[in-house]
Amino acid sequence: MREYRAVKAGETRTTIEKSVFLAYTRPIADEAEAQAFIRELRDRHADATHVCYGYVADPAGAIHRFSDDGEPSGTAGMPILEVVKNNGLRCSLIAVVRWFGGIKLGAGGLTRAYSGCAAAAVRAAGETVYREADAYEIATDFAGCNKIKKIPSHLLCKIDAIEYNSTVCLQVYGTENLPQAVAEVTAGRATVEHKGKRFVCID
């Protein structure tokens with residue numbers, strides 16, 4: 001079973017030699033989501049001196065980007081990206097917004113500042129596990145819904161949504177054996193449609 005660890009959403013603020021560093025952590029679905037969040041940060045903090053970032057945008061760790069955003073080359077984006085990689089994180093973004101306080105830190109000082117802020121942000125936010133599972137849409141009645149909810153978690157990983165109408169519709173994630181379990185607990189009075197495989201947060 002494939003799975004990966006991603007950072008949880010959070011933010012931390014640090015002041016170093018009168019410069020303010022605001023670090024954001026975000027789990028991301030793909031590179032487009034990462035870039036959208038970075039644009040949002042630049043709009044939100046239009047008065048900031050720099051918005052630097054590093055991210056890994058896929059479960060395999062093959063897609064990764066970083067930006068120094070005007071800081072000396074190699075002093076901001078790469079140290080942030082290394083924090084993502086060294087923590088074994090996937091589909092994760094760290095962005096550090098800096099407001100210059102008037103005291104230059106030098107290349108070494110900048111590298112330590114960005115790396116330290118990124119690492120502190122990950123520790124503060126924590127991590128979560130995403131596991132590959134089969135996505136299903138299940139249609140049943142109210143009694144069948146209650147029985148499906150009791151299917152063990154090693155078969156039914158997560159119930160994402162339930163819509164109650166004349167027929168109860170469940171959006172769920174589980175294993176390839178889940179349809180058989182649903183058929184057994186509902187005595188065949190439920191329909192199960194496979195919607196493909198997806199990574200889902202299991203925490």
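**Strand pairing and helix packing in a predicted model**

In this predicted model, Thr-25 in β3 is the bridge partner of Gly-10.

User: What makes β2 and β3 a pair of strands?

Analyst: Two strands pair if there are at least two bridges between them. Seven bridges join β2 (residues 10–16) to β3 (residues 19–27), so the two count as paired. The strands β2 and β3 run antiparallel. In their hairpin, two residues lie between the strands, and Glu-17 takes a positive phi near 50°.

User: How do you know that β3 also pairs with β6?

Analyst: Eight bridges join β3 to β6 (residues 92–99), and the requirement is at least two, so β3 and β6 are paired as well. These strands run antiparallel. Within this pairing, Phe-21 has Arg-98 in β6 as its bridge partner.

User: Why is α2 called roughly parallel to α3?

Analyst: The axes of α2 (residues 77–86) and α3 (residues 106–125) cross at roughly 30° and come within 8 Å. Angles under 35 degrees count as roughly parallel, and therefore α2 is described as roughly parallel to α3. The crossing in which α2 passes α3 is right-handed.

User: Which residues of α2 and α3 meet, and how many of them are nonpolar, polar or charged?

Analyst: From α2, Pro-79, Ile-80 and Val-83 meet Thr-111, Tyr-114, Ser-115, Ala-118, Ala-119 and Val-122 of α3. By class, this contact has seven nonpolar residues, two polar residues and no charged residues.

How values were computed:
Residues are numbered from 1 along each chain as its sequence is written. This is a predicted model: local features need pLDDT of at least 70, side-chain atom pairs count only at pLDDT 80 or more; totals for chains, interfaces and linings use all residues. Side-chain values use heavy atoms; hydrogens and water are left out. Axes are lines fitted to C-alpha atoms, for helices over the stretch in contact, and angles run from 0 to 180 degrees between N-to-C directions. Helices (H or I, at least four residues) and strands (E, at least two) are DSSP runs, numbered from the N terminus. Angles under 35 degrees count as roughly parallel, over 145 as roughly antiparallel, 65 to 115 as roughly perpendicular and the rest as oblique. A crossing is left-handed if the near helix is turned anticlockwise from the far one by less than a right angle, and right-handed if clockwise. Contact means heavy atoms within 4.5 Å. Ala, Val, Leu, Ile, Met, Phe, Trp, Tyr, Cys and Pro count as nonpolar, Asp, Glu, Lys and Arg as charged, and the others, Gly among them, as polar.
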